[in-house]
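Welcome! Please open the structure in your viewer and follow along, one selection at a time.

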Amino acid sequence: MPSKGKAATKPKATETPATTTSNPTTTNTTSQTASQPSEPTTVLERSQQRFEKTRPFEAARRQQGLSRLSKEDQKGWICDQLLHLTNRLPAASRSCLLGPKASKEIWWTVNGTNSIVRGLKHKPEPYTTWGTDRNGHDVGSYTIERFDERFRQRIALTALQVSSRVFRENVEREKRGFVDARSGREIIVTEREIDEEKVRRSKMAALKKDLYGAITGKLAESVEWEDVVPIPHEEPEGALAAITYPAEYAEAMSYLRAVMTTKEYSPRCLRLTEHIIAMNPAHYTVWLYRAANIFALGISIPDEIEWLNEVALANLKNYQIWHHRHLLVEHYYPTISSDPDALAQFAKQERDFLIAILSEDTKNYHVWSYRSWLVGKLGMWEDEEELKSIEKMIDEDVRNNSAWSHRFVLVFSNPKYATPGKAATEKDEKVPQELVDREVKYAQNKVYLAPQNQSPWNYMRGVLVKGGQPLASVQGFVEEFVNKLGEGEEEEEVKSTHALDLLAEIYAEKKENEKADLCLRRLAEKWDKIRGGYWEWRRKCLTQSEREKAPGEQVEKAEEGIAAA
Amino acid sequence: MENDNKAHEEPEQEWPYLDVHRHLRYWKMCIRAPLPHVYLSNESNRLALAYFIVNSVTLLTPPPSERTPETPEPLISREDKRAMRKWVLHHQHPTGGFCGTSSLVFPLHSYDIYNFDTKTLDEPDHAGLANITSTLFALQLLALLADEEDEAAGENVFEGVNRVGTLRFLKSLQREDGSFGEALSDLPGHGRFIAGGYDMRYCYIATAIRWILRGDVKEGSPGWVEDFDTEALARYILNSQTYDRGFAGNSQDEAHAGYAYCAIAALTLLDRPLTTSTSSSVPHKSPLLHSSIRDLPGLIHWLASRPFVYLEPPPPSADQDPDTYIYQEDDLDDPNFLLPPTPSDLLCLLSQIAEKKGHDKTHVAFNGRTNKVADTCYFWWVGGALANLGRLDSLVDREAARRFLLEKMQHRIGGFGKSPGSPPDLYHSFFGLAILGLLGDEREGGKVRGFDAGLAVPRETVGVIERARRKLIESEKGGKGVVDGEKELDAVEMGLELRGGGERPKWLGACGY
């Protein structure tokens with residue numbers, strides 16, 4: 001390096017230097033404020049100030065343009081440029097750029113202007129210099145303190161990553177049975193080390209999230225899933241109906257794919273299904289896979305059912321939950337079928353839960369469907385509580401057709417007297433008369449509460465057919481709801497269109513076609529006009545013996561019906 | 001042009017108008033942007049969503065023969081259709097059947113039982129992740145995505161479908177009682193197991209897949225597969241009529257319009273001729289339907305009971321509005337099923353409303369079960385069931401049903417909601433259009449394609465299915481094998497040629513080329 005003494009004299013001799021400091025002359029006013037700036041508030045400001053301090057000529061040029069600088073400053077700027085250019089080169093090749101004489105000249109000037117040789121190379125810019133943080137904000141806009149904190153976090157993360165790397169390598173070495181070179185013992189990863197690694201990974205995930213907004217999936221960071229290579233989802237081109245879902249879901253599915261292809265059944269798989277079900281309870285494959293895990297691992301079914309209860313209450317409209325429950329009960333039943341007490345206890349538990357969930361959603365089809373299946377599976381036919389709880393639901397809402405439907409199954413499918421294989425719409429001679437009477441009476445009492453409610457009408461008719469009784473056996477009851485039919489608009493009174501409908505059937509049954517026709521006509525004309533087409537069709541059926549003809553279609557009755565089989 | 005618009009506006013009062021463009025806008029949004037997070041519950045069955053989208057767009061797009069120079073470009077271009085068909089085929093499981101979502105299509109080699117020599121799975125009846133529902137949607141999608149500009153191209157839409165494997169897969173899903181499950185699953189301790197509830201939907205889907213793929217291949221010829229037990233299935237379905245004469249998943253459950261449709265359509269499809277020469281537009285005889293259902297008049301009664309007069313929910317200050325004096329306290333919980341206590345009350349209310357409005361046009365809604373609320377999809381399930389029975393025209397007040405759908409269920413941004421005022425969703429938006437396709441609407445502008453009540457696709461698509469099936473069976477007879485494999489081989493040959501000839505590398509032989 002050239003000596004300072006020599007350098008200081010030379011430029012002074014040529015021309016009046018701008019100042020004794022390094023400030024270029026032409027930037028008086030602006031650089032004055034820039035050179036004595038207020039305390040920087042952000043990192044960007046601090047670095048820009050540093051830039052201006054260390055590269056005064058470059059800063060002045062940027063502000064004013066090269067042509068507006070004084071000769072002296074232009075010279076200073078050129079030297080500054082050359083200096084930074086040569087600084088970038090390896091020491092050995094610096095002399096190639098400029099000859100020794102020119103180099104000397106530059107150093108003279110540099111020393112004369114008190115340029116700072118190791119100034120900032122680039123002017124710091126927002127965004128590009130430090131990048132953005134997790135929220136997309138410029139890190140340069142951070143306060144000094146905040147920036148220092150971020151810097152410490154990055155150091156901490158790096159340190160953790162190094163330790164984690166060591167741990168992973170140790171796991172790998174343990175797996176391969178490596179021997180520690182120094183101690184001569186086999187490498188063993190201790191429980192403590194695993195615990196430490198768990199802490200480390202959660203720290204790393206927190207730091208990464210804090211610094212970069214990177215969401216490390218819970219699974220990728222967990223030691224438990226270390227040995228599984230997730231299979232990411234690759235969507236081919238032309239995809240339809242893509243759904244936006246969180247990264248967490250995508251990650252979990254990629255692990256699910258991995259364990260499903262190897263048919264792994266393990267506690268961690270069970271936890272994985274729970275994790276996915278919490279995000280998407282309608283994924284039937286996940287439920288099936290969960291069932292497979294439960295059966296393979298011999299998990300207690302009552303425990304699983306208890307867990308399932310919570311999930312069911314949180315997802316009322318879900319279908320898969322009930323299929324899963326069905327599978328669980330099928331699996332569990334043989335273990336308790338020989339113990340009547342256990343069976344009764346289980347039936348009670350199930351009913352208690354069904355009552356609870358039906359109180360939330362009284363007509364839930366999946367729940368009712370499961371319930372009717374359960375009655376058959378556990379043989380709850382004679383269980384008085386079952387009938388009582390249904391009666392209670394009908395009392396609460398006489399229009400709850402689901403409850404009516406369940407009642408019919410409960411009463412008329414009881415294997416104690418029901419003939420196996422009889423269809424629901426078929427007469428069954430074995431059904432006791434008093435039962436038929438009891439149910440007809442029950443339905444009639446409910447009709448009085450709300451005559452226009454179709455459920456008890458349907459029920460009563462179903463009971464009569466099952467019991468093989470003529471519909472006319474309830475004629476007196478039905479006629480209570482119809483007064484002075486056809487005796488004038490003012491006189492005529494119909495309390496229920498369903499009564500008029502049934503009355504038409506009763507008259508037709510008794511071959512009183514004219515009376516039947518009147519009922520149907522009044523329904524079409526006045527009482528139930530929106531079904532006009534239907535009532536007209538029924539009227540036609542009264543005169544035609546073949547009621548079944550579809551319009552314009554010749555049906556061959558000769559075809560052997562499969563129903564006969 | 002202005003006059004034309006006026007002409008549209010006038011009959012709008014008389015005949016509710018379907019704004020095709022608005023609906024297309026809704027579907028365009030569903031194609032172009034990912035569906036919102038609420039659809040995550042359908043992630044396992046994305047093919048169903050795709051089916052709703054493509055079927056609806058097809059319903060709203062006039063067939064090439066009816067297009068005029070003013071008709072806008074179809075929403076799905078020919079190139080898009082090709083790419084989408086490829087995407088659908090990607091869901092096929094190597095041993096037959098389709099998976100519901102590409103996220104469950106695993107690379108073959110990721111299976112433990114993958115055989116690198118035979119390049120397939122070492123288990124010919126691998127349970128896989130195919131399911132019955134997605135299999136039908138995939139086949140329907142392939143046909144819906146046929147290039148309509150080119151009839152010959154339409155023939156090839158089933159190219160690459162593993163027909164024999166899929167029919168075998170279908171057969172393996174039938175339970176002993178004749179019903180169908182949705183998927184095969186290996187449950188430890190239970191062995192190979194047919195998963196899925198006792199659900200009439202699977203029974204219907206089985207008959208539809210059978211009709212689409214089976215054809216009239218004679219026993220012993222190539223491509224013949226043993227049929228599933230159709231009699232057992234029919235018996236199961238016929239036994240599922242309930243005490244109140246509707247249909248359910250089985251006779252122990254509550255009657256439900258969705259299941260009624262599935263039961264009736266399944267019986268119709270079992271009787272629908274499988275021969276490729278029969279044109280599907282001619283109604284076929286269905287002895288199963290017309291002489292085997294135990295109580296057919298009862299079933300019609302049950303279906304005819306589904307429509308009801310829809311009454312507006314009362315305004316917030318119910319006590320001030322004379323229209324609503326009749327409502328009772330507890331009715332207010334159920335604003336969708338506001339039937340007054342007696343028929344006279346209803347008539348009285350209706351005449352008051354008519355007086356106020358100046359006309360007596362009512363809104364007719366459909367429910368799916370006795371005493372349940374209105375829902376767009378039940379227009380389809382009930383209407384479709386009646387259409388299969390040949391009774392849609394005579395039993396449904398088409399105008400009142402249309403009016404309700406278009407005035408109450410149609411949404412401002414296009415599409416249909418589940419109930420009045422609710423936002424549109426794919427499922428209800430599709431079924432709203434489907435029932436309009438069945439009801440028919442010949443008015444200019446608001447037209448949708450005619451719909452097949454059995455296969456739930458536009459009628460033109462049924463023709464595509466028939467041609468594609470014939471072509472697929474022919475290709476099997478020719479013993480050409482899997483078409484994709486051939487393409488791969490072509491690529492190998494092309495590669496060799498580019499390499500500049502020379503000896504065929506030995507490793508190619510090891511790979512099976």
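## First stop: a helix in chain A

Select residues 320-336 of chain A, which form helix α14. At 1.5 Å a residue, the 17 residues of this helix should span 24 Å, and the C-alpha atoms at its ends lie 25 Å apart, which agrees. Keep in mind as you go that this is a predicted model.

How much of α14(A) is buried? Of its 17 residues, 12 are buried, so the helix is largely enclosed by the rest of the structure.

## Second stop: where the chains meet

Colour the two chains separately and look at the contact between them. Chain A brings 90 residues to this contact and chain B brings 100. Between them, the chains bury about 8400 Å², with 59% of that on carbon and sulfur atoms. On the chain A side, select Leu240(A), Tyr365(A) and Ile530(A): these lose the most area to chain B, together 10% of what that side buries.

Next, look for charged pairs. Three salt bridges are counted between chain A and chain B. For a salt bridge to zoom in on, show the side chains of Lys263(A) and Asp186(B), which meet at 3.0 Å, N to O.

Select Cys79(A) and then Cys348(B). Which is buried and which is partly exposed? Cys79(A) has 7% relative accessibility, so it counts as buried. Cys348(B), with a relative accessible area of 31%, is partly exposed. If you are searching for disulfides, the count over all chains is zero.

## Last stop: confidence

Finally, colour chain B by pLDDT. Its average is 84, and 81% of its residues score at least 70. For the model as a whole, the scores are ipTM 0.87 and pTM 0.78.

Notes: Residues are numbered from 1 along each chain as its sequence is written. Chains are lettered from A and ligands numbered from 1 in the order in which they are written. This is a predicted model: local features need pLDDT of at least 70, side-chain atom pairs count only at pLDDT 80 or more; totals for chains, interfaces and linings use all residues. Side-chain values use heavy atoms; hydrogens and water are left out. Helices (H or I, at least four residues) and strands (E, at least two) are DSSP runs, numbered from the N terminus. The expected span of a helix is 1.5 Å times one less than its number of residues. Buried means under 20% relative accessible area, exposed over 50%, partly exposed in between (1.4 Å probe, protein chains only). A disulfide is a pair of cysteine sulfur atoms within 2.5 Å. pLDDT is the predictor's confidence in each residue, from 0 to 100. Contact means heavy atoms within 4.5 Å. Buried area is the accessible area (1.4 Å probe) that two parts lose on being put together, summed over both. A salt bridge is a side-chain nitrogen of Lys or Arg within 4 Å of a carboxyl oxygen of Asp or Glu.
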